[in-house]
Amino acid sequence: MLLLNALLLGVFALMLDSVYTSVAASAGRQVNPQLNLLEFSMTISILAVWAAYLLSGALTIVLTVGMTSGEIEAGTFAMMVSKPLRRAEIIFGKWLGYGLILSIYTAMLFFTFLGLIYWRTGYWPEQALPALGMLELSSLVLLALTTLGSACVPTLVNGAIAIMLFIGAPLASFVQLIAPTPSETTKNITTVVNLVIPTDALWHGASYYLIPPFIVNLAQDRGLLQSLNTPFTSTQSLAPPMLAWAVLYCVVLPVIGALRFQRRDL
């Protein structure tokens with residue numbers, strides 16, 4: 001993954017250099033060249049962090065989908081349960097180890113993408129750290145889901161559930177493209193989806209911190225605020241109850257998985 005990501009980042013750096021040179025040349029003929037360059041830098045930053053969100057989510061699923069069930073199916077878990085450790089302690093140890101690996105990976109990817117953008121454009125989001133926190137929490141949410149699934153169902157089933165929920169979560173946001181003013185039913189469905197898998201809600205929380213506040217104020221003064229509320233971006237921070245639910249989600253699901261695995265026949 002590190003080698004593939006290094007290749008990806010190298011391609012990204014070359015494309016960014018080429019595109020920015022073209023944009024800078026065309027911006028010089030505009031009325032507000034600095035505003036156009038800022039708009040480009042902000043847009044590419046959001047897209048780059050969105051790519052980091054997808055990559056970290058994909059790695060979380062691939063790396064952890066068989067953390068417990070894979071070893072049971074391979075017959076290696078029987079050697080661990082013979083040690084002076086309770087099954088719940090093994091589950092929590094795996095959860096903690098994978099959480100550390102994924103947190104480091106997400107942070108490295110996040111800062112590398114933004115570092116390349118800063119190197120070429122001189123732009124750095126003012127609230128980058130809160131955005132990173134949302135991405136880290138999103139990875140931990142997926143980790144909690146796969147931890148529970150791996151303790152309860154076979155690896156293939158766990159992978160299918162995690163992939164479908166991770167991919168399906170943004171579909172509720174894409175309804176905005178069809179219905180700019182969603183009905184109460186649509187809002188309720190979106191809320192239920194975000195409660196089942198809050199990754200998309202956390203991404204929108206991250207995107208809020210990637211948009212400079214003065215851009216939001218400028219769009220609001222010009223009546224263009226709705227144009228910033230897209231399936232990829234949001235002009236509102238994550239609601240505190242949803243943030244609290246995401247944190248609780250990261251803790252409760254591994255606990256349920258550990259308790260369920262404690263009573264499971266191997």
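User: How many helices and strands does the protein chain have?
Analyst: The protein chain has 12 helices and 0 strands. Helices (H or I, at least four residues) and strands (E, at least two) are DSSP runs, numbered from the N terminus. This is a predicted model, in which local features need pLDDT of at least 70 and side-chain atom pairs count only at pLDDT 80 or more, while totals for chains, interfaces and linings use all residues. Residues are numbered from 1 along each chain as its sequence is written, and side-chain values use heavy atoms, with hydrogens and water left out.

User: What share of the 266 residues is buried?
Analyst: Buried residues make up 42% of them. Buried means under 20% relative accessible area, exposed over 50%, and partly exposed in between (1.4 Å probe, protein chains only).

User: And what share of the contacts comes from residues 24 or more positions apart?
Analyst: Such residues account for 82% of the contacts with a separation of 6 or more. Contact means heavy atoms within 4.5 Å.

User: OK, packing. At what angle do H2 and H5 pack?
Analyst: H2 (residues 33-64) and H5 pack at about 160°, and their axes are 10 Å apart. Axes are lines fitted to C-alpha atoms, for helices over the stretch in contact, and angles run from 0 to 180 degrees between N-to-C directions.

User: Why call them roughly antiparallel?
Analyst: Angles over 145 degrees count as roughly antiparallel, under 35 as roughly parallel, 65 to 115 as roughly perpendicular and the rest as oblique. H2 and H5 are therefore roughly antiparallel to each other.

User: Which residue classes make up that contact of H2 with H5?
Analyst: The contact has 18 nonpolar, 7 polar and no charged residues. Ala, Val, Leu, Ile, Met, Phe, Trp, Tyr, Cys and Pro count as nonpolar, Asp, Glu, Lys and Arg as charged, and the others, Gly among them, as polar.

User: Pick a residue in H2. What does Ala-52 touch?
Analyst: Ala-52 lies in H2 and is buried, with a relative accessible area of 1%. Leaving aside neighbours within four places in sequence, Ala-52 is in contact with Leu-109, Phe-113 and Leu-135. The C-alpha atoms of Ala-52 and Phe-110 are separated by 6.1 Å, although the two residues are 58 apart along the chain.

User: Back to H5. What span should its 35 residues have?
Analyst: At 1.5 Å a residue, they should span 51 Å, and the end C-alpha atoms of H5 are 51 Å apart, which agrees. The expected span is 1.5 Å times one less than the number of residues. Just after H5, Gly-122 takes a positive phi of about 80°.

User: How far apart are the axes of H5 and H12?
Analyst: The axes of H5 (residues 87-121) and H12 (residues 240-262) are 8 Å apart, at an angle of about 145°. On the H5 side the contact includes Ile-91, Phe-92 and Trp-95, and on the H12 side Pro-254, Val-255 and Phe-261 are among the residues. By class, this contact has 9 nonpolar, 1 polar and 1 charged residues.

User: What about H9 and H12, which residues meet there?
Analyst: Asn-194, Leu-195 and Val-196 in H9 meet Met-242, Trp-245 and Tyr-249 in H12. The axes of H9 (residues 184-196) and H12 come within 10 Å and cross at roughly 30°.

User: Last one: is His-204 buried or exposed?
Analyst: His-204 is buried, with a relative accessible area of 12%. His-204 lies in H10 (residues 199-210), and its contacts beyond four places in sequence include Ser-173, Thr-230 and Gln-236.
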